[in-house]
Amino acid sequence: MFNPGRLNVVKSGGDSTFVGIKRNTVSKSLEFFLPIGFEEFPEDFEEAKKLFGLTYKTLRKFLNSRKKAFRNQEFDGTIEEDKKGVSLTNLYDTDTSLQYSKLVYFDSILDAYDELTINSLQQKINKTNQIDYSQIHKYLHKAVYLNSHVIYIDEMELLKQVIGDNYSNIVELFCYIYVEIKNLLNEEIENPEAQVLAQSFIETHLTSQDSVFNEDTAEGTILILKEQLQIIDQSTFYKDDDYYRFFDAVETFLFGEFDDESAGNIIWGVDKFSTVWEELCYAFAEQLYSDSILYADRSGTIEEGSFTRSYNYRDFDPPGIYVSTEFKAPFYLQLNELSYRRKLRPDLVVSFEKSLYFRREALYVDKSGKTQPNITLTLIHPNNQQYKNRHDEIYENLQNEFHYDKILLNALHLSFKPWGFYIQNRFKDKFLPHLDKYLKDGSTMPLSIFCVVDYKYVNADFFYKESSKLTFDVRKQLVYELALQETIGGETLSEFWIPYYSTSDESNQVKNSIEEGSFCEEFTSSQIKGLRLDFVQLQNLYISAL
C-alpha cells in the first residue's frame, strides 16, 4: 500500500520515456516520474495526487483500448498479460511497443468490483424454519398432507442474512476502499449501494476527516482498515468464493507488496510513454478537426465509415494507416519504374479551406497629383500554387482575347504582377468586361490548406540546438509537404506537437506556441510551427471521450 500524495516527484529529462512509479534503490522511497514537459510542476501534495489519478486513468483506458483492438483484430501485434503487467508488441513498428507494469494495489480493488455480487453477498438463500405464506404454493409438492386436511411444510429456502449487521463486514470494507479510489480518480460511483455501504463503515469505525489518501490521516486510516480486516476474517464463519474474492482484493490493497526488484524497481507505469502521448494527441485532433482528418497513422481504430484501413503487403504498407476515402495519399517512395512502393507515414494530415478573394480598392495618383481611380485586383494568400494556377489561367485567356491589339497585349503584360492585377485607368473600360468573365469584384475561390502534424515527445529544448534527430524530423516534414504540393497543390504547413504542464489556471487553451527563443537554424528556416499542448487538458479530453 502506498499513498500517491507521498510520492517523491521526479521531473523527467529530455531522453526519458518512462512515466510511472519506481522504488529508489538507495532510499527505498517511491518516486513518481513525470512526463516530459513538466519542468514547472509544483511540489504540492494535492497536485501530485491529482496528476497520479489522471495518469492512472489514462493508462488504464489506453491498455483497455489496445486489448479491445487486439480482440477485434485491429491491433497488428501481440499482447501478453499476467498479474504483474501487460506487454504490447507491434509487429510493424517496434518503437511503439511498450511494457506496462500494473499497480496491483488499485487494480485488485477495481478489477474485483462487481455490482451484482456486492448486492447478493449481503443476503444468501438458505434454509430456514420461518414461514413466508406468500410462497407456500411453491412448496406444495414437498408438503406432508395430514388426515385433518392440513399440510405440513418442514422448511423453506428464503433470503437470510448470513453476515451480521452488528459489525463491519467485508462488503462494507471493500466498498469503502472502492469509493476512496473512485474519489481519488474523480470518477462517478454508479452503484448507490456501494456508497451506502462505504458510509456505514465510516460511521462505525472512522471519522468524516479520515481518508486513505489524505496527507494527514492516511497512516492512521490504513492501520484501522488492517485491524478491521483481521476482525472480519476471524468473526466471519460463512465464507464462499464471493467472500474470498473481496477479501483477497482488500488484503492485496492493504498488505500487498510488489516484487519490484525483478521488474527493474518499477512499481507501476509504462516504459515508452511516447506511444501513449501519440494517442492523446490523436484524441485531441479528432475533437479539434472533426471531419477534416484525411490521414492518420495509429495503432487503434477510427470509427467513422469514411476511412479505409490500408493493408497492402505488396506496397510494404503496414496496417494502422487510415486514409479518408476522398484523399489519395501521395506519401510513398518509388524507385524508377519498379511496381512496389515504400510508404511514408506522417502522424496526421488534416485539411481545411480558406477563400481566395478578389477586391478592387487602390487609387492611382498621376504626375499632376490628381487622383485617378485605377483598378487593382488583389489575390489574398498570393504565395500558393492555387493562386499561381489561377493567375496563369486568367493571363492566358486574356492574351487570347487581346491577340488582335498589341497595345492591349503590352498593357496586359504590364498589368499582371506577382501580387495581383494592376490596371491603369485608361485601360479599365476595355479590361474589366473581359476580367469580369473570370473574376468579379468580391468573388471568391476556395483555397485548400493541408496541415501535416508530427507528435513529438520532447521538450522545447529540442528545437534550440542542432541535432541529427532534429535534422531528420524537419526534413521528413518537408518531404511530406513537398509530396502534397507536387501532387495535389494548395498551401501546406507543418506542426510539431509537444507536451507541457501549464501553471496557468486562467488559460483554457490546449494549444500554445512554443516560446520563441534562440531556435536553431534548421528549425527556423523550415518554417515549421512548434506547438505546446497542455498535457492535463489532453488527459481530460482523452478520458472523457467515448
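Pro 42 sits in the loop between strand 3 (30–33) and helix 1 (45–71). Helices (H or I, at least four residues) and strands (E, at least two) are DSSP runs, numbered from the N terminus. The model is predicted; local features need pLDDT of at least 70, side-chain atom pairs count only at pLDDT 80 or more, and totals for chains, interfaces and linings use all residues. Residues are numbered from 1 along each chain as its sequence is written, and side-chain values use heavy atoms, with hydrogens and water left out. Pro 42 is partly exposed, with a relative accessible area of 31%. Here buried means under 20% relative accessible area, exposed over 50%, and partly exposed in between (1.4 Å probe, protein chains only). Pro 42 touches Glu 47 and Tyr 501, leaving aside residues up to four places away in sequence. Contact means heavy atoms within 4.5 Å.

The chain holds 14 helices and 26 strands. Of its 546 residues, 47% are buried. Among contacts with a separation of 6 or more, 68% join residues 24 or more positions apart. The accessible surface of the chain is about 29,100 Å², and carbon and sulfur atoms contribute 48% of it. Accessible areas come from the Shrake-Rupley method with a 1.4 Å probe; for residues, only the protein chains shown count as cover.

An open sheet is formed by 7 strands in the order 1-3-2-11-6-5-4, with mixed pairing. Strand 1 (8–10) and strand 4 (77–81) are the edges; each has a single partner strand, so one side of each lacks a neighbour in the sheet. Neighbouring strands are turned by 20° against each other on average, direction ignored. Axes for such angles are lines fitted to C-alpha atoms, for helices over the stretch in contact, and angles run from 0 to 180 degrees between N-to-C directions. Two strands pair if DSSP finds at least two bridges between them. Strand 5 (residues 85–90) and strand 6 (residues 98–101) run antiparallel and are joined by 4 bridges. Ser 87 stands opposite Gln 99 of strand 6.

Helix 8 (residues 273–289) has 17 residues and should span 24 Å at 1.5 Å a residue; its end C-alpha atoms are 24 Å apart, in agreement. The expected span is 1.5 Å times one less than the number of residues. Helix 8 is largely enclosed by the rest of the structure, because 12 of its 17 residues are buried. Among them are Phe 273, Trp 277, Tyr 282 and Phe 284. Just after helix 8, Ser 290 takes a positive phi of about 50°.

Helix 12 (residues 468–487) has 20 residues and reaches 29 Å from first to last C-alpha, close to the expected 28 Å. Its buried residues include Leu 470, Val 474, Tyr 480 and Leu 484.

Most residues other than glycine have a negative phi. Lys 28 has a positive phi of about 65°. Lys 28 lies in the loop between strand 2 (19–23) and strand 3, and is partly exposed at 48% relative accessible area. Gln 527 has a positive phi of about 60°. Gln 527 is in the loop between helix 13 (521–526) and strand 26 (529–534), and is exposed, at 71%.

The disulfide count is 0, a disulfide being a pair of cysteine sulfur atoms within 2.5 Å. Cys 451 is buried, with a relative accessible area of 1%. Cys 520 is buried as well, at 6%.
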